Amino acid sequence: RGMREAAEAGHFMAQNDLAGMLLEGRGLPGAAPDEAGAERWLKESAGQGFYRAMVGLAVLCARRERAEEALSWLRRAAEERAD
């Protein structure tokens with residue numbers, strides 16, 4: 001519950017961590033893997049410039065056969081990390 005509250009409050013690391021929990025279906029009552037929910041939180045975190053969320057989005061997009069979008073997220077992560 002605390003992780004979701006922190007994510008909803010805009011904390012980029014909590015958003016990224018919540019996305020990981022949703023992907024794995026862990027840490028939340030009655031949780032099953034939720035890729036759509038994870039993608040939402042990864043985008044929130046990436047929107048704040050968190051490169052790890054961008055990498056997570058790239059992996060998720062690749063898993064969903066969205067190769068061009070995955071490559072775009074990897075490029076953005078590399079650019080963010082280079083700064």
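The side chains of Glu39 and Arg66 form a salt bridge with an N to O distance of 2.6 Å, a salt bridge being a side-chain nitrogen of Lys or Arg within 4 Å of a carboxyl oxygen of Asp or Glu. Because Glu39 belongs to helix H3 and Arg66 to the loop between H4 and H5, the pair ties together parts that are 27 residues apart in sequence. Helices here are DSSP runs (H or I, at least four residues) numbered from the N terminus. The model is a predicted one, in which local features need pLDDT of at least 70 and side-chain atom pairs count only at pLDDT 80 or more, while totals for chains, interfaces and linings use all residues. Residues are numbered from 1 along each chain as its sequence is written, and side-chain values use heavy atoms, with hydrogens and water left out.

Glu39 is buried, at a relative accessible area of 8%, whereas Arg66 is partly exposed, at 25%; buried denotes under 20% relative accessible area, exposed over 50%, and partly exposed the range in between (1.4 Å probe, protein chains only). Arg66 also meets Glu69 in a salt bridge of 2.9 Å, N to O, and Glu69 is partly exposed with a relative accessible area of 27%. Through shared partners, salt bridges join Glu35, Glu39, Lys43, Arg63, Arg64, Arg66 and Glu69 into one network. The count of salt bridges comes to seven. One of them pairs Glu24 with Arg26, with the closest N and O atoms 2.4 Å apart. Glu24 is exposed, at a relative accessible area of 53%, and Arg26 is partly exposed, at 43%.

The largest nonpolar core has 19 residues, and those with the most contacts inside it are Trp41, Leu42, Ala46 and Trp73. Such a core is a set of buried Ala, Val, Leu, Ile, Met, Phe, Trp, Tyr and Cys residues joined through side-chain atoms within 4.5 Å. At least two residues of this core are supplied by each of H2, H3, H4 and H5, and the largest share, six residues, comes from H4. With neighbours within four places in sequence set aside, Trp41 is in contact (heavy atoms within 4.5 Å) with Arg4, Ala7, Glu8, Gln15, Leu18, Ala19 and Leu22. Ser45, found in helix H3, is buried, with a relative accessible area of 0%. Residues up to four places away in sequence not being counted, Ser45 touches Phe12, Gln15, Asn16, Phe50 and Ala53.

The buried residues of H4 are Ala53, Met54, Leu57, Ala58, Leu60 and Cys61, and their cover includes helix H2 (12–24), helix H3 (35–46) and H5. After H4 comes Glu65, with a positive phi near 60°.

A nonpolar surface patch of about 300 Å² is made by Val55, Val59, Leu71 and Leu74. Helix H4 (51–63) and helix H5 (67–82) are the elements that give two or more residues to this patch. Val59, in helix H4, counts as partly exposed at 47% relative accessibility. Patches are made of residues with over 30% relative accessible area and no salt bridge, like charges being joined within 9 Å and nonpolar side chains (Val, Leu, Ile, Met, Phe, Trp, Tyr) within 5 Å. Accessible areas come from the Shrake-Rupley method with a 1.4 Å probe, and for residues only the protein chains shown count as cover.
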